[in-house]
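Biologist: Could you take me through one part of this protein up close? I'm new to this, so please go step by step and keep it friendly.

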Amino acid sequence: MSQPVTPRRTTRSSAGSASDPASPSKSRPKSTPRRQLIPAASKEEEGEDERSAINALLEALPGRRAQASDLLRLLAPAPALPLLLYGGAATGKTRALLLALRHIRPRPRRVAYAALRSLPSPRALFASLLSQLSPPTSSSASSRQRVPDKPSDFVAALRDALASLCAQGEAVYLVFDNLEVVRSWDKGGQLLALILRLHDLLRLPQVVLVYVSSATPDAYYSMTGSVEPNHIYFPDYAVDEVRDILMRGHSNPKLYTSFLSVALKPLFRVTRRVDELGAALEPLFRRYCEPLGDLKAVPDESTKRRLFEHIQPHLAVALNETFSVPMRASVDQCKDGNSGVKASTKRQFGSRDSLSTELEFHMSVSAKYLLLSAFLASRNPATLDAALFDSTGGSDNHKRKRKSSQASMNMKDTMVEEMLMKGPGTFPLERLLAIFQCITSVSEDALNDVECPDSMMNGSGMTGLMSDVLLQLSTLCNSNFLSKSRSCPLEGAARYRSNIDEDLALKVARSVSFPLSKYIYRR
């Protein structure tokens, strides 16, 4: 048998001698220096990417260098702590956040944005977040799924949706904008505590919670032992920063610079909000350019003096119009028509509390009663209409009630809790007109005592109010006080929903001296 031949080990010198002497050495150079340069190059690339991201943010956000760098630093790692952006209105919090989310490094990501100011109830918040986190292919199937009513069911459904996204390697950012609005909801304190504790309840490292609020962090301090979010403060803009924001994208920068040097500082003493300044400066700039024939011309010193003399009287008028002056209701004007000048002056320059409770817009009497009827129809269950709107107005009903058992009381509390979580309900037109007729008949005596010179009510009683009810209903829907839903397939008629909160409803009720709190069903 032949023995296996063991290959002879060749040294580096022998290998070199065995090779052709004319050919160069084929020995590979050491790769140690190359391996040391790889992490250094990656660090340099990361530094360049971060600098480019900060520069891109600074170009879009003048005066927010510190906030842009903090956002990129606190949002970049996937296992990040919750983040709270706070500051005054129109200070660039939401814009800075949405732009920063475009430049962060974890690319497979998803952003679920909840604009709490446009959501009427906790149930609408739950539905908005779950629909944004559902897969795009199953959007039609997710719309048919039942939206959870209880916060515990919402947390379970949210955890399931986030876990499926995190399993695919995606980083998820949950953004709650205008967090202070939650306090005005029914049981808003409990829901606010739940939102602030989502980091502890979910326990998913790839989920980052971001809160945007105009209130300070002290307003959300709780002694529950939950993780406190990091804070980024957005101060008010300085006058130079506002000038840079208003100058962006202007067709004639030199002409607009000369205009801002005249008009910006006087208005800046009144308000520092960029949106209000932009709305006030736009008509003034048109007045400023009236003496010019060519809007692309560069003004010289004599032209600037001529333009300043032209805009100066209009600037004084604009300063007076910037202040918001509340309007009086029409019924209050009719009541005060026969009173003396001394009494009206006392009401006009009275206490601050009485001024803040009045409406800041004009609305007719019929529209006010129709809006109150819609609020009651959305707030109260339909089964209580007979008890609340009886022949005596619901106030003199002293019938003896049967003592409820503990089971019925628990069921009633559960129904009330579900109703509060679902938010304002929908109602048909017939129910709205029935409530409208009941509350106007209760207030008929009070309105008959008011003698208006323009004869708001035709004939006697509420005949004038009932005549234009459908017209006022259309006006309220167009003004977004009411929302009209699709027709119900069972009833075959459209349904309506009230979009106002209780504070505005109470202001409307005070303007017509209607006891609204007596008709609101409370727990």
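**A close look at an aromatic pair and its surroundings**

Modeller: Let's start with Phe259, which counts as buried because its relative accessibility is 1%, and buried here means under 20%. One thing to keep in mind is that this is a predicted model.

Which ring does Phe259 pair with? The partner is Tyr288, and the two rings make a tilted pair, with 5.2 Å from centre to centre and 55° between the planes. Those two values are there because a pair of aromatic rings is described by the distance of the centres and the angle of the planes. Tyr288 is buried too, since its relative accessibility is 0%. Phe259 belongs to helix H11 and Tyr288 to helix H12, so their pairing ties together parts that lie 29 residues apart in sequence. Across the model, the count of aromatic pairs comes to 10.

Helix H10, residues 239-247, has Val239, Val242, Leu246 and Met247 buried. These four cover an arc of only 130° around the axis, so they sit on the same side of H10. And what do the buried residues of H10 pack against? They pack against helix H11 (253-268) and helix H12 (274-288), the helices that hold Phe259 and Tyr288. After H10 comes Gly249, with a positive phi near 75°.

What holds strands side by side in general? Strands of a sheet pair through backbone hydrogen bonds, either parallel or antiparallel. As an example from this sheet, S3 and S4 pair in the parallel sense over 5 bridges. Val175 has Val210 in S4 as its bridge partner.

The buried residues of H8 are Gly188, Leu191, Leu192, Leu194, Ile195 and Leu196. They pack against several elements, including helix H5 (122-133), strand S3 (171-177) and strand S4 (207-213).

Is Ala374 buried or exposed? Ala374 counts as buried, because its relative accessibility is 0%. Apart from its neighbours within four places in sequence, Ala374 is in contact with Phe427, Leu432, Leu482 and Ser498. Ala374 and Leu433 are 59 residues apart along the chain, with 9.1 Å separating their C-alpha atoms. You can compare Asp385, found in helix H18 (residues 385-388). Asp385 is buried, with a relative accessible area of 15%. Leaving out residues up to four places away in sequence, Asp385 touches Arg431 and Ile435.

Terms used. Residues are numbered from 1 along each chain as its sequence is written. This is a predicted model: local features need pLDDT of at least 70, side-chain atom pairs count only at pLDDT 80 or more; totals for chains, interfaces and linings use all residues. Side-chain values use heavy atoms; hydrogens and water are left out. Buried means under 20% relative accessible area, exposed over 50%, partly exposed in between (1.4 Å probe, protein chains only). Helices (H or I, at least four residues) and strands (E, at least two) are DSSP runs, numbered from the N terminus. Contact means heavy atoms within 4.5 Å. Two strands pair if DSSP finds at least two bridges between them. The arc is that of the directions from the helix axis to the C-beta atoms. Rings of Phe, Tyr and Trp (its six-membered ring) pair if their centres lie within 6.5 Å; planes under 30 degrees apart count as stacked, over 60 as edge-to-face and the rest as tilted.
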